[in-house]
Amino acid sequence: MATETTAAAGDGLATSPETAPGMPQLDFSTFGNQIFWLIVTLVVIYFVLSRVALPRIAAVLAERQGTITNDIAKAEDLKKQAAEAEQAYEKALADARVAAQKIAEQTREEIKGQVADAQAKADAEISAKTAESEKEIDAIRASAMENVEAVAKDTAAAVVAALGSSADQAEIDKAVDARMKG
Amino acid sequence: MATEAGGEESGLVFHPMDQFIVSPLFGDGPVGMFTITNVTLWMALAILCVVGLMVLGTGGRSIVPSRIQSVAELAYGFIYKMVEDITGKDGVKYFPYIMTLFLFIVFANFLGLLPMAFTTTSHIAVTAVMALAVFLGVTILGFVKNGAAFLGLFWVSSAPLALRPILALIEVISYFVRPVSHSIRLAGNMMAGHAVIKVFAGFAAIAAISPLSVLAITAMYGLEVLVSFIQAYVFTILTCVYLKDALHPHH
């Protein structure tokens, strides 16, 4: 059916003598030739593939698979080692922290003791100095009182003399003493 | 073909089928069985391409592949996985045969897309031989592997008993139609695409239509590139399916 239609189309459109009648696909005289060369081709390709190409590619793929598996195993190993190292590091860090805390505590205690000692010493010194100073101040105050008394008596005697009356020194002293006490 | 189009400018001349003519490479004699023809040339080129890709391309055997080697590995993995997925583990030993068919069809199709090329897979003689080889091989293999149990392929045990003879008849018919559809699908696709491109090329002789014609040829060419690969894929996967039926004839 297809032959007839294409043959008709071919007749209508083209008049070239080279044109094959209808479909060249249905020209049975060339079938033997095509089939022969096809079989030759397929056999050649089959032998090339099965003898050389496919085993080689299979080997390459297997080798690559092996390499990848090895590398993954190695990576796994390294990862484990890294994890162990990290754990050891963490542990060392924690130990160091505990030790540091202990040392700090100790130092703090020591310093506290020293500070207390120094404070006590300083307090004692301060109180000693204070007592001494108080004594000195008392002495100064007493001598000042005495001086005031003497000055007052002298002044009183001078004032009495200036007023023109003469009074006994003992009397004046008594009056001044009474005034000062009052 | 092309020279004629240039010679006759007056009218439209279509010779869409001339590209499929088998002619001797040397001389003008008749085409005998062993004559060296354009079929020989383009099949030889297909062999060269296969050797170039699969042998020379993988010459490095490198763990980290070069470009050509990775294409070869891709082709290998593609077909290997197809065979393994469809036919199962026991089908893997037929992998080289299927790989041979696939590589030949792929390279014949793509070489046929070169301008002025001859497309060997557009000939029913070529595809029919391959399809018949698959059909006979699979049928013989089925009987050798399973004996009479291979006929269970036609006896659909999951259907109601009354329907089974009718189904068996349909199954037998479809089984024998397989090589026909298998071969005509490939040859028809290749022939139709090339003929259509040629017809569009014929229209290019008219100046007013020629831009459109060139665009149409470009579009058809893109489509043909797809079809070339898809038809090789389809031929291969159907071969795998038929092989599976031979190895495991139970539905």
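User: Which residues make the nonpolar surface patch of about 640 Å²?

Analyst: This is a predicted model, where local features need pLDDT of at least 70, side-chain atom pairs count only at pLDDT 80 or more, and totals for chains, interfaces and linings use all residues. Residues are numbered from 1 along each chain as its sequence is written, chains are lettered from A and ligands numbered from 1 in written order, and side-chain values use heavy atoms, without hydrogens and water. A patch takes residues with over 30% relative accessible area and no salt bridge, joining nonpolar side chains (Val, Leu, Ile, Met, Phe, Trp, Tyr) within 5 Å and like charges within 9 Å; a salt bridge is a Lys or Arg side-chain nitrogen within 4 Å of an Asp or Glu carboxyl oxygen, and areas come from the Shrake-Rupley method with a 1.4 Å probe, only the protein chains shown counting as cover for residues. The patch is made by B:F78, B:F110, B:Y221, B:L223, B:V225, B:L226, B:F229 and B:I230.

User: Is B:F235 buried or exposed?

Analyst: B:F235 lies in helix α7 of chain B; helices (H or I, at least four residues) and strands (E, at least two) are DSSP runs numbered from the N terminus. Buried means under 20% relative accessible area, exposed over 50%, and partly exposed in between (1.4 Å probe, protein chains only). With a relative accessible area of 2%, B:F235 is therefore buried.

User: How many helices are there in chain A?

Analyst: From the N terminus on, its elements run α-α-α. Chain A has zero strands, and its helices number three.
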